[in-house]
Amino acid sequence: MLLIRCPYCEEERPELEFRNAGEAHIARSANMAGESDDDFEKFFFIRSNPKGIIYERWRHMHGCARFFNAVRDTVTDKFIMTYKAGEPKPSNLPKISNEVVAK
Amino acid sequence: MKKYSVFAIAREAMRGHKGWEEQWSSPEPKKEYDVIIVGAGGHGLATAYYLATVHGITNVAVLEKGWLGGGNTGRNTTIIRSNYLYDESAGIYDHALKLWDGLSQELNYNVMYSARGVMMLAHNVHDIQVLKRHVHANRLNGIDNEWLTPEQAKEFCPPLNTSKDARYPVVGAALQRRGGTARHDAVAWGYARGASARGVHIIQNCEVTGVKRAANGAVMGVDTTRGFIGAKKVGVVAAGHSSVIMNMAGVRMPLESYPLQALVSEPVKPVVPCVVMSNTVHAYISQSDKGELVIGAGTDQYVSYSQTGGLHILQHTLDAICEMFPIFTRMKMLRSWGGIVDVTPDRSPILAKTPVPGLYVNCGWGTGGFKATPGSGHVFAHTIARDDPHPINAPFTIERFRTGRLIDEAAAAAVAH
């Protein structure tokens, strides 16, 4: 089970409290009815599904119930960081080692 | 290829089993092939087999980054059925089911297809309505499916708990008698042996790292960990990694990859005579010929390529199994594992040509692709050989997500998504 840090509660909590809400930073059109079929397909169905770094949305369903974003490695399932909804997509990601850090 | 038979066993018994030959060869890759298949799982090997046997195309390479049948082919719960709701799905899954019947003879390889029946349980009024709708839709498509009372369900599967005070009482069931199980490894091995005997090259430990395209956009071949291999036609059959390969060709896919877990118990004497599935409590179970209970769980909620999933997913499934079969509450589980499944938005596969000339894709089988292996390979071989889909897979395009002509099989895995 993943441990996920909610940026609002500022706490690491078990995955059971959260609901994954799919890929992040997909902008919804202000004029949905005017979207072409191609653009609607891209918005609604096409996903980047990366093997590596993913930007995704989570909801702290059984906590503060708020949506936030996370950066995770889909190969190791390790979280690199989480940040509040509305904040820009982080460009400089902190380095994460796959070794367990001795405490 | 030496034919397997009772006489072959007798002959080899007489001479110390020294005459058995390798089931498939492991040749060095050539510089160029007519067709490259990416992925030596069941679907990829079946595609190569039918390219050779039906279409006479034998200059084919099947590239596999790991070992043959080591991905989802070796990780699934081996369930076979064709009781899908929509006409398009009925077409492709029943095409596969018809090929399962007789596949061991066709391949001269015992795939242990056992039509022991697949029984789907109803626990409430909504389940009854949904499953009866499936029964009627299937019968209109000429697919066997019948409605059972709780008493009949109990008779068909004696260990099932049908008591009225169960937390989720069984109020009926839909039974497809032609459904059942098969030995998943043997399916990959049988197709590999058949394809190899006809000249197909199966190249293991050869990971595709890029897809090369010519100036006009058409496919030229693939870069691999063993160098460039040319081909004018490339079929991508890479399951959970399909979108990764397609990205190499510049095609973004309507796919997301999730971990799906399964587990087996210690082996016991025959106790579960059929496959039992429940959408509502979310579990499915059968018993292998070795005696292990084979239990399938649901997907994790997040995109991952880790081939592991959360323990709570397995726990949730075992809760349901113990509810359906209280006699198993003290069974020990031996192993659990995960595979990565590629899921489409409408839960139906994609078997189609792509916007790139010479590039074909067979993916999106999600949580239930094993059952379709023979049919999928058969129609995908047709699509590659003729550069035109077979009528059975014609609806399973990528373009359906633009046109909106979806094949919305929410019941694809018979579990709630």
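These questions and answers go through a predicted model and the reasons behind its labels.

Q: How far apart are E155(B) and P326(B), in sequence and in space?
A: They are 171 residues apart in sequence. In space the C-alpha atoms are 17 Å apart.

Q: How do you know that the length of helix α3 of chain B agrees with its number of residues?
A: The expected span is 1.5 Å times one less than the number of residues. Helix α3(B), residues 87–100, has 14 residues, so it should span 20 Å. Its end C-alpha atoms are 20 Å apart, which agrees.

Q: Why is α3(B) called mostly covered?
A: A residue is buried if 20 or more other C-beta atoms lie within 10 Å of its own. In α3(B), 10 of the 14 residues are buried, and the helix is mostly covered. Among them are I92(B), Y93(B), L97(B) and W100(B).

Q: What covers the buried residues of α3(B)?
A: The cover includes β3 (79–80), α4 (103–107) and α10 (373–386) of chain B. Just after the helix, G102(B) takes a positive phi of about 105°.

Q: What makes β5 and β16 of chain B edge strands?
A: They belong to an open sheet of 8 strands with mixed pairing. Its order is β5-β6-β4-β13-β14-β15-β12-β16 (chain B). β5 (146–148) and β16 (333–343) each have a single partner strand, so one side of each is left without a neighbour in the sheet. Neighbouring strands of this sheet are turned by 20° against each other on average, direction ignored.

Q: How do you know that β12(B) and β16(B) pair?
A: Two strands pair if there are at least two bridges between them. Strand β12 (residues 256–265) of chain B and β16(B) have 10 bridges, in the antiparallel sense. Within the pair, Q261(B) stands opposite G338(B).

Q: Which helix packs on the sheet, touching β12(B) and β16(B)?
A: Helix α9 (residues 311–324) of chain B does. It also touches β13 (275–278), β14 (283–287) and β15 (293–299) of chain B. Its direction makes about 130° with that of β15(B).

Q: Which strands pair with β18(B), and in what sense?
A: β11 (residues 227–236) of chain B pairs with β18(B) in the parallel sense over 3 bridges. There, V234(B) stands opposite L359(B). Strand β17 (residues 350–353) of chain B runs antiparallel to β18(B), joined by 4 bridges. L351(B) stands opposite N362(B). The hairpin of β17(B) and β18(B) has 5 residues between the strands, and G358(B) takes a positive phi near 85°.

Q: How many residues does each chain bring to the contact between A and B?
A: Chain A gives 19 residues and chain B gives 19. On the side of chain A, α1(A) gives the most, with 3 residues. By class, that side has 6 nonpolar, 4 polar and 9 charged residues.

Conventions. Residues numbered from 1 in each chain as written. Chains lettered and ligands numbered in written order. Predicted model: local features only at pLDDT ≥ 70, side-chain atom pairs only at ≥ 80, totals over all residues. Contact = placed C-beta atoms within 7 Å. Helix = DSSP H or I, 4+ residues; strand = E, 2+ residues; numbered from the N terminus. Nonpolar A, V, L, I, M, F, W, Y, C, P; charged D, E, K, R; others polar. Buried ≥ 20, exposed ≤ 12 C-beta atoms within 10 Å, placed from the backbone. Axes fitted to C-alpha atoms, helices over the stretch in contact; angles between N-to-C directions.
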